[in-house]
Amino acid sequence: TTTTTFSIDFPDIGKCVGIRFLPSSKETETQEPNWNELESYLHPEELQYGLDPNKTSQKSRTTFFLGRLAMRMALSLACEDDDECVVATP
C-alpha cells in the first residue's frame, strides 16, 4: 500500500508527487512487498526490470518502484484538466 505524502503544482512546469510505502499488516518494514501486485500500474518492462535480481537490490527495487508510481501519479494528475493529455497505461 502507498500513501501520497505531498502533491505540489509548479505553474508552467508540472506536478511533483511524493509517495510513501506502507507495509500491510502481513508485512514488516524489513520484508519485501509482493511487487507483482503492481502489474496493473506499471508497464511489463518496468516490472521485469525492477524484479531482475541482477539489476536491482531490495533497497533499489523499493526506490525504483515508488519512483515509477510517483511519476505515473504526477502525470495522471497533471492530465486531469487537459483533454489533449494522454498517459499511457499498461
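## Ground rules

Local features in this predicted model need pLDDT of at least 70, side-chain atom pairs count only at pLDDT 80 or more, and totals for chains, interfaces and linings use all residues. Residues are numbered from 1 along each chain as its sequence is written, and side-chain values use heavy atoms, with hydrogens and water left out.

## How the two helices sit

Two packed helices are described by the angle between their axes and the distance between the axes. Here the pair is α1, residues 44–51, and α2, residues 58–78. (Helices are DSSP runs of H or I with at least four residues, strands are runs of E with at least two, and both are numbered from the N terminus.) Their axes come within 9 Å and cross at roughly 160 degrees, which makes α1 roughly antiparallel to α2. The axes are lines fitted to C-alpha atoms, for helices over the stretch in contact, and angles run from 0 to 180 degrees between N-to-C directions. Angles over 145 degrees count as roughly antiparallel, under 35 as roughly parallel, 65 to 115 as roughly perpendicular and the rest as oblique.

## Who touches whom

On the α1 side, the residues in contact are E46, L47, Y49, G50 and L51. They meet R61, F64, F65, R68, M71 and R72 in α2; contact means heavy atoms within 4.5 Å. Sorted by type, the residues of this contact come out as 6 nonpolar, 1 polar and 4 charged.

R61, in helix α2, also deserves a look. Leaving out residues up to four places away in sequence, R61 touches E32, W35, G50, L51, P53 and T56. R61 counts as buried because its relative accessibility is 11% (buried is under 20% relative accessible area, exposed over 50%, partly exposed in between, with a 1.4 Å probe and protein chains only).

How many salt bridges does a search of the whole structure find? There are 2, a salt bridge being a side-chain nitrogen of Lys or Arg within 4 Å of a carboxyl oxygen of Asp or Glu. One joins E46 and R68 at 2.5 Å, N to O. E46 is in α1 and R68 in α2, so this pair ties together parts 22 residues apart in sequence.

The other joins R72 and E46 at 2.8 Å, N to O, and this pair links parts 26 residues apart in sequence. Through shared partners, E46, R68 and R72 form one network. Within it, E46 is buried at 8% relative accessibility and R72 is buried at 18%, while R68 is partly exposed at 28%.

How values were computed. Ala, Val, Leu, Ile, Met, Phe, Trp, Tyr, Cys and Pro count as nonpolar, Asp, Glu, Lys and Arg as charged, and the others, Gly among them, as polar.
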